[in-house]
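This report is meant for someone meeting the structure for the first time.

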Amino acid sequence: MNNPAISVRSLWKVFGPGGEKIPGNRELSALGSAELLERTKCVAAVRNLSFDVAKGEVFVVMGLSGSGKSTLIRCLTRLIEPTSGQVLVDGNDVLKAGVAELRELRRRKVSMVFQHFGLLPHRTVLDNVSYGLQIRGTGRNERHAKAREIIELVGLKGYEQHYPDQLSGGMQQRVGLGRALAGDPDTILFDEPFSALDPLIRRDMQAEVIRLHKDMGKTMVFVTHDLSEALKLGDRILIMRNGEPVQCGTGDDLVGSPADKYIEDFVSEVPRADVLTLKWITRPVADSTPGDAAVLNSRMIIRDAIPAVMHSSCPVLVEEGGRITGQIDRDSILSVLQPAEAAA
Ligand SMILES: Nc1ncnc2c1ncn2[C@@H]1O[C@H](COP(=O)(O)OP(=O)(O)OP(=O)(O)O)[C@@H](O)[C@H]1O
């Protein structure tokens, strides 16, 4: 990947006494979590992880509780000190950064939205959103003007003088989002930001993130344990288990071609027609298919192709980059619908 926003190489975080000896020790680093804990009293929360995040990408880190997601995202700005490996942000080596550089990184380049909002309880919405600008030394008028702009952007106009405890959970997280945006960082890290919110508010907030991403194009790294959230938001998704990467790819890749049984179980409940693209159900063109049959793009989501295919009296052709790659028909669509849907 050319000029990634974030580049992680062979990253380890081992909690516990003498943890720094584990990444370089062949025998110990190969042990499973339980045995490692028993023999060394250490927990390897992140094990030998490497990935790149492209500029402007929404990169989701997913896994069950305890798989190392929060530790990983905190290692990116050294809120947790990594044990070994490399983290580059915009080409700069975060693990080699001094105190001042690290402060600059957190204030200007990468900001974070936390699960429990992390707001200052005795400050108003306006002051919470402008806090980052204040510690950067921005003058009062300028920071309040900027904060008002951001407050409007995150849908909180009219609440500038409210205190956090006067707001609902969803509104508090909008303040958290506003605070992260106020400093105009290149990258925003989200650590399970919506898991404390009830489902409807959560859906609103997901839509909000998608909208902001579309408008502002920021790079985002988003931690969640919710697959539907991951599929909704992520350009790519990294699935972790016991600190290790299991599979990294688009939602389409994970659902269409799960790397192992673990991922297969994870994605088994996903409505496949809503995630998979036509490429997964494309078959060779039959001799009997007319050359002037309708044509759809191979990257179209299967559900979106249903009307065209169901209304066509013959199979529909599929193209990629202007070249016909195959065909689909009613049977291929029915094969990915849930049994209940297919029967309807
Ligand atoms: N400060 C710590 N000291 C010792 N072990 C820790 C520490 N922080 C995390 N761990 C352990 O590291 C592992 C990964 O934890 P982490 O919180 O990163 O997982 P997670 O995937 O974010 O889980 P959750 O979704 O529950 O937040 C767990 O086994 C956890 O117990």
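## A parallel pair of strands

Strand β6, which covers residues 110-113, pairs with strand β7, residues 187-191, in the parallel sense, and four bridges join the two. Within this pairing, Val113 stands opposite Phe190 of β7. The model described here, as throughout this report, is a predicted one.

In a regular strand the side chains alternate between the two faces of the sheet. Strand β6 is covered on both faces, with Val110 and Met112 buried on one side and Ser111 and Val113 buried on the other.

## The whole protein

The protein contains 15 helices and 13 strands, and its C-alpha atoms fill a box of roughly 70 × 60 × 35 Å when the box is taken along the principal axes. Of the 344 residues in the protein, 37% are buried. Where contacts join residues at least 6 apart in sequence, 64% of them link residues that are at least 24 apart.

Two domains make up the division of the protein, with domain 1 spanning 6-271 and domain 2 spanning 273-343. The C-alpha centres of domain 1 and domain 2 are 37 Å apart, and the contact takes seven residues from domain 1 and seven residues from domain 2.

On the side of domain 1 that touches domain 2, helix α10, residues 251-256, gives the most, with four residues. By type, the residues on that side of domain 1 divide into four nonpolar, two polar and one charged.

## The antiparallel sheet

Four strands form an open sheet with antiparallel pairing, and their order is β2-β1-β4-β5. Because β2 and β5 (92-93) stand at the edges with a single partner strand each, one side of each is left without a neighbour in the sheet.

Strand β1, residues 6-15, pairs with β2 in the antiparallel sense over seven bridges. As one example from this pairing, the bridge partner of Val8 is Phe51 in β2.

## The surroundings of the ligand

Which residues surround the ligand? They are Phe15, Val43, Ala45, Gly63, Ser65, Gly66, Ser67, Gly68, Lys69, Ser70, Thr71 and His225. By type, the residues of this shell divide into three nonpolar, eight polar and one charged.

Strand β2 (43-53) and helix α3 (69-75) each supply at least two residues of the shell around the ligand, and α3 gives the most, with three residues.

## Two residues compared with their surroundings

Leu72 is found in helix α3. Is Leu72 buried or exposed? Leu72 counts as buried because it has 28 C-beta neighbours inside 10 Å, where 20 or more are required. Leaving aside residues up to four places away in sequence, Leu72 touches Val46, Leu49 and Val61. Leu72 and Asn3 are 69 residues apart in sequence, and their C-alpha atoms are 21 Å apart in space.

Asp90 is found in the loop between β4 (84-89) and β5. With 17 other C-beta atoms within 10 Å, Asp90 is partly exposed, a class that lies between the limit of 12 or fewer for exposed residues and that of 20 or more for buried ones. When residues up to four places away in sequence are not counted, Asp90 touches Ala5, Lys109 and Asp186. For Asp90 and Lys109, the separation is 19 residues in sequence and 9.2 Å in space, taken from C-alpha to C-alpha.

## The mixed sheet

Three strands form another open sheet, in the order β11-β12-β13, and here the pairing is mixed. The edge strands are β11 (295-297) and β13 (323-328), each of which pairs on one side only, and the twist averages 40° from one strand to the next.

Strand β12, residues 316-320, and β13 pair in the antiparallel sense over five bridges. In this pairing Leu317 stands opposite Gln327 of β13.

Note on methods: Residues are numbered from 1 along each chain as its sequence is written. This is a predicted model: local features need pLDDT of at least 70, side-chain atom pairs count only at pLDDT 80 or more; totals for chains, interfaces and linings use all residues. Domain bounds come from an automatic or database domain assignment. Two residues are in contact if their C-beta atoms, placed from the backbone, lie within 7 Å. Ala, Val, Leu, Ile, Met, Phe, Trp, Tyr, Cys and Pro count as nonpolar, Asp, Glu, Lys and Arg as charged, and the others, Gly among them, as polar. Two strands pair if DSSP finds at least two bridges between them. Axes are lines fitted to C-alpha atoms, for helices over the stretch in contact, and angles run from 0 to 180 degrees between N-to-C directions. A residue is near a molecule or strand if its C-beta atom, placed from the backbone, lies within 6 Å of it.
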